[in-house]
Amino acid sequence: MRYHARITKDGRHWSALFVDAPGCSTFGASRAKAAAAAKEALEGWLEAHLVDGRSPPKPGHGSRGSEPIDVDPQLAVAVTLRWARQDAGLTQAELATRVGVSQQQVAKLERPGANPSIATLKKIADALGVRFNF
């Protein structure tokens, strides 16, 4: 999963702004430092959405001059699970029933740091009728 940041020189510093992540921006002393700070800011922004129970906006394809910022795979899985469940119009409890696990287990999978097995991901994908592309 990747979001795109516009990284521009702003006086003595470089700023990074995510169009698809409202309110997520940062800066650095160099372009490279701004890109590194952008990754950290983006991941914190995504984690905050998951912890608050919100679904972050999905990333677009970026625009000319934007730089792709890759999201940590574990975090990307948690976000993707949240999107898939909500796109299916299911609560955590409803998905849990379909998968044969508790609601708490589904909630855990949608939190930062979740580390589901491939077998668990397959069960969830089957229950949602989707295919995950990470």
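Predicted model: local features only at pLDDT ≥ 70, side-chain atom pairs only at ≥ 80, totals over all residues.

Entry 1: I looked up how helix α2 (residues 73-87) packs with helix α5 (residues 118-128), and found an angle of about 20 degrees with the axes 10 Å apart. Angles under 35 degrees count as roughly parallel, so α2 and α5 are roughly parallel to each other. I also noted the handedness: α2 passes α5 in a left-handed crossing.

**Entry 2: who meets whom.** Next I listed the residues at this contact. From α2 I wrote down V77, L81, A84 and R85, and from α5 their partners L121, I124 and L128. Sorted by class, the contact holds 6 nonpolar residues, 1 charged and no polar.

**Entry 3: the largest pocket.** What volume does the largest pocket have? I got about 190 Å³. Its lining consists of V99, V101, Q105, V106, K108, L109, A114, N115, T120, K123 and I124. The elements giving two or more residues to that lining are α4 (103-109) and α5. Which of the elements gives the most? That is α4, with 4 residues. By class I counted 6 nonpolar, 3 polar and 2 charged residues in the lining.

**Entry 4: a link between the two.** I went back over both lists for I124. In α5, I124 takes part in the contact with α2, and I124 also lines the largest pocket.

Technical notes
Residues numbered from 1 in each chain as written. Heavy atoms only, no water. Axes fitted to C-alpha atoms, helices over the stretch in contact; angles between N-to-C directions. Parallel < 35°, antiparallel > 145°, perpendicular 65-115°, else oblique. Left-handed = near helix turned anticlockwise from the far one by under 90°. Contact = heavy atoms within 4.5 Å. Nonpolar A, V, L, I, M, F, W, Y, C, P; charged D, E, K, R; others polar. 1 Å grid on protein atoms, 1.4 Å probe; cavity = no way out; pocket = protein on both sides within 12 Å on 5 of 7 lines; lining within 4 Å. Points joined across faces, edges and corners; volume = space filled by probe spheres on them.
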